[in-house]
Amino acid sequence: PAVLEVARKTAIEKSISPRVNYIEGNYHESVFKDDEYDLAILGNVTHIETEEGNNDLFSTLSRAIKKNGKLIITACLSESDKGETAKWLYQLGLAIRTENGKVYPPETLKKWLTEHGFGHFEFHSLDITPYTMGALIATKL
């Protein structure tokens, strides 16, 4: 609920709220309509899922996103050398506080996404401290 409130406020500030749908709940349990969405955003999710969990999620999103729609994944994905130490510290933190947490490199995510009907990938390292964040954008084919 707290994250959705921030998202709602941001959408209002950016004057896009009429074009945004919010789905409250656990993404493992939520029901998404087939071919309904132009865009889905996963923020800091892939690293807390197992390979199986990510593939289940990508399968669900593949059904829900329209052809030529976009999936944006933001996470600890940066390929910047400046963030290498911070990325390894983040990976260590995941190992300590989660059972299955793991930083997956962009190439691994691309492989899984390709298996679920996504392609035309764009990758952007976010050049901000601590230089660990990146965005992977995939198009539903």
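Me: In which element is the place of Asn68?

Reply: The model is a predicted one. In it, Asn68 has a phi near 70 degrees, a positive value in a residue other than glycine. Its relative accessible area is 54%, and because exposed means over 50%, Asn68 is exposed. The element that holds Asn68 is strand 2.

Me: Phi of Asn44 is also a positive value in a residue other than glycine. Is Asn44 buried, partly exposed or exposed?

Reply: Asn44 has a phi near 55 degrees and is found in the loop between strand 1 and helix 2. Its relative accessible area is 38%. Buried requires under 20% and exposed over 50%, so a value in between makes Asn44 partly exposed.

Me: Thr46 lies in the loop between strand 1 and helix 2. What is its relative accessible area, and which residues does Thr46 touch?

Reply: Residues up to four places away in sequence are not counted here. Thr46 is buried, with a relative accessible area of 2%. The residues that Thr46 touches are Asn54, Phe58, Ile73, Ala75, Lys102, Tyr104 and Leu109.

Me: How many salt bridges does the structure hold, and which residue pairs with Asp38 in one of them?

Reply: The structure holds five salt bridges. In one of them, the N to O distance is 3.4 Å. This pair links distant parts of the chain, with Asp38 in strand 1 (residues 37–43) and its partner in strand 2 (residues 65–75), 28 residues apart. The partner of Asp38 is Lys66.

Me: Lys82 forms a salt bridge with Asp127. How many residues apart in sequence are the parts that this pair ties together?

Reply: The closest N and O atoms of Lys82 and Asp127 are 3.1 Å apart. Lys82 is exposed at a relative accessible area of 53%, and Asp127 also counts as exposed, at 57%. Lys82 lies in the loop between strand 2 and helix 3, whereas Asp127 lies in the loop between strand 3 (118–125) and strand 4 (134–140). The pair therefore ties together parts whose separation in sequence is 45 residues.

Me: Where do Glu107 and Lys110 lie, and about how many helical turns separate them?

Reply: Glu107 forms a salt bridge with Lys110, and their closest N and O atoms are 3.2 Å apart. Glu107 counts as exposed, at 52% relative accessibility. Both residues are in helix 4 (residues 106–115), and because they are three residues apart, their separation is about one helical turn.

Me: Which residue joins Thr129 through a cis peptide bond?

Reply: The omega of this bond is about 10 degrees.

Me: Which residues form a nonpolar patch on the surface?

Reply: Together, the members of the patch have about 340 Å² of accessible area. One of them, Leu89, is found in helix 3 (residues 84–97) and counts as exposed at 55% relative accessibility. The patch is formed by Leu89, Leu92 and Ile96.

Me: What is the volume of the largest pocket, and which element gives the most to its lining?

Reply: The largest pocket has a volume of about 1,400 Å³. Of the 32 residues that line it, those closest to its centre are Leu4, Asn21, Tyr22, Ala40 and Ile41. Two or more lining residues come from each of helix 1 (2–13), strand 1 and helix 2. The element that gives the most is, with seven residues, strand 1.

Note on methods:
Residues numbered from 1 in each chain as written. Predicted model: local features only at pLDDT ≥ 70, side-chain atom pairs only at ≥ 80, totals over all residues. Heavy atoms only, no water. Patch = residues over 30% accessible without salt bridge, like charges linked within 9 Å, V, L, I, M, F, W, Y side chains within 5 Å. Areas by Shrake-Rupley, 256 points an atom, 1.4 Å probe, with all protein chains shown as cover. Salt bridge = Lys/Arg side-chain N within 4 Å of Asp/Glu carboxyl O. Helix = DSSP H or I, 4+ residues; strand = E, 2+ residues; numbered from the N terminus. Buried < 20%, exposed > 50% of the residue type's maximum accessible area, 1.4 Å probe, protein only. Contact = heavy atoms within 4.5 Å. 1 Å grid on protein atoms, 1.4 Å probe; cavity = no way out; pocket = protein on both sides within 12 Å on 5 of 7 lines; lining within 4 Å. Points joined across faces, edges and corners; volume = space filled by probe spheres on them.
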